[in-house]
Amino acid sequence: MTFRRGWIPAIVAPVAVVAAVVAVPAIADAASPPPAKTAAQVLTLIAGSHDAHYSGTVVQSSDLGLPQLPASMSSRAPSSSGFDAASLIELVTGSHTAQVYVDGRSQQRVQLLDTLGERDLIHNGTSVWTYDARAHTATHVTASGDATARETPQPTTPATVADRLIASITPTTKVSVSTGSFLGHGVYTLTLEPKTSATLVRSAVITVDAATGVPLSAQLDARGQSTPAVSVAFDKVDFSRPGADVFAFTPPQGTAVRDMTAPSHETKGTHTEKQPGGQKPTVIGSGWTSIVEVAGGTGLTSGMSGLTGSNAQLLNELTRHVDGGRMLQTSLFTVFLRDDGTVLAGAVPAATLLAAAR
């Protein structure tokens, strides 16, 4: 979401800015392709869809070359620590399904229901709830009017993924458009292709409803891989307005609730400076070959440095030892965990990360 605890691990989020949608089999009642548009016209169509309302079922699928977790590990109770490696790996392997409800910019709900248990993100005006049924915990964030748009986590949907992909378009990207049908709707398909071969990304694809401009799917493909590396797509969608009760939330009895207030525009800078963990990541390079560096002792890196037990064992199994630290290699991105706690991540080969870390 930029559901900050969403379907992609936090350290991967900067890389997965190009996350995507699984190709859903064509529907038999295919609509007629819409009139041709230029890529710029399709981008304008998408930009005008942020006030749209709709609901549906979204399927998130990942094929990053990571192993599936054993049933005994995936069904165990959640970790009491702030970093649960097994849960993060489970989130980025296999397939997950969520119910999505959107009513413009100020009301969204994503309800994830699978082996992870129920997890919800509900954004209703200046109120944001995140709820984890398995851990019996909820967080309630209240934002002032000026902080809502900036601080509110957004649900992981084809629309939010498409926004991130579009924001990443640079002169290093080739953009093309075609027409077709998807889920019985006429659609435009935007294809973004890096002009460089120095990235693990082969292409990113966004499928857009021609009538509303709402993205119905988004997909990121890795070089040398025939299936999408990361994907999120509707497998059914309804463009009627969801009921207001969908966005109302009361935590079930027995839920431990944490209340927070998002900083306003006036206090945001001061708040960030006082928080050691608020240090912004450093971005090395630009475009498809950019690398995100997170200093040791901040945010997720401090959580990983204290891993013990099954978390440490799983991390060791998924990574390999290299000079100066450990390396996680997937088909789409690479993560280098340096011995001093610094983390570097990018959609680039391992050798590129190691060179940047020196």
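**A threonine beside the sheet**

Tutor: Start at T319, which sits in the loop between α8 (309-318) and β15. Remember throughout that this is a predicted model. T319 is buried, because its relative accessible area is 8%, below the 20% cut-off for that label. Its side chain makes a polar contact of 2.7 Å with the side chain of R326. Leaving aside neighbours within four places in sequence, T319 also touches M327, L328 and L337.

β16 covers residues 325-329, and β17 covers residues 334-338. The two pair in the antiparallel sense, over five bridges. Within that pairing, L328 stands opposite V335 of β17. L328 is also one of the residues that T319 contacts.

Now step back to the whole sheet. It is open and has six strands, in the order β13-β14-β18-β17-β16-β15. The pairing is antiparallel. β13 (282-284) and β15 (320-322) stand at the edges; each has a single partner strand, so one side of each lacks a neighbour in the sheet. From one strand to the next, the twist averages 25°.

A helix covers these strands. α9 (residues 350-357) lies across β13, β14 (291-294), β15, β16, β17 and β18 (343-346). Against β17, α9 runs at about 35°.

Next, the rest of the chain. Helix α5 spans residues 158-167. Its buried residues are P158, A159, T160, V161, A162 and L165. They pack against five strands: β1 (53-62), β8 (185-194), β9 (201-209), β10 (215-222) and β11 (230-238).

D103 counts as buried because its relative accessibility is 14%. A polar contact of 2.7 Å links its side chain to that of R241. Beyond four places in sequence, D103 touches A52, H53, R241 and F247.

Two loop residues deserve a check of the backbone. Most residues other than glycine have a negative phi. H136 has a positive phi, near 55°. It is found in the loop between β5 (127-132) and β6 (137-143). L183 also has a positive phi, near 55°. Its loop joins β7 (173-182) to β8. The surroundings of the two residues can be set side by side. H136 is partly exposed, at 48% relative accessible area, whereas L183 is buried, at 14%.

Finally, confidence. The chain averages a pLDDT of 78, and 70% of the residues score at least 70. Two stretches call for caution. Over residues 1-29, pLDDT stays under 50. Where pLDDT is low, the predicted coordinates should not be read in detail.

Methods:
Residues are numbered from 1 along each chain as its sequence is written. This is a predicted model: local features need pLDDT of at least 70, side-chain atom pairs count only at pLDDT 80 or more; totals for chains, interfaces and linings use all residues. Side-chain values use heavy atoms; hydrogens and water are left out. Buried means under 20% relative accessible area, exposed over 50%, partly exposed in between (1.4 Å probe, protein chains only). Helices (H or I, at least four residues) and strands (E, at least two) are DSSP runs, numbered from the N terminus. Contact means heavy atoms within 4.5 Å. pLDDT is the predictor's confidence in each residue, from 0 to 100. Two strands pair if DSSP finds at least two bridges between them. Axes are lines fitted to C-alpha atoms, for helices over the stretch in contact, and angles run from 0 to 180 degrees between N-to-C directions. A polar contact is a pair of N or O atoms within 3.5 Å; within protein, one must be able to donate a hydrogen and the other to accept it, and residues adjacent in sequence count only if both atoms are side-chain atoms.
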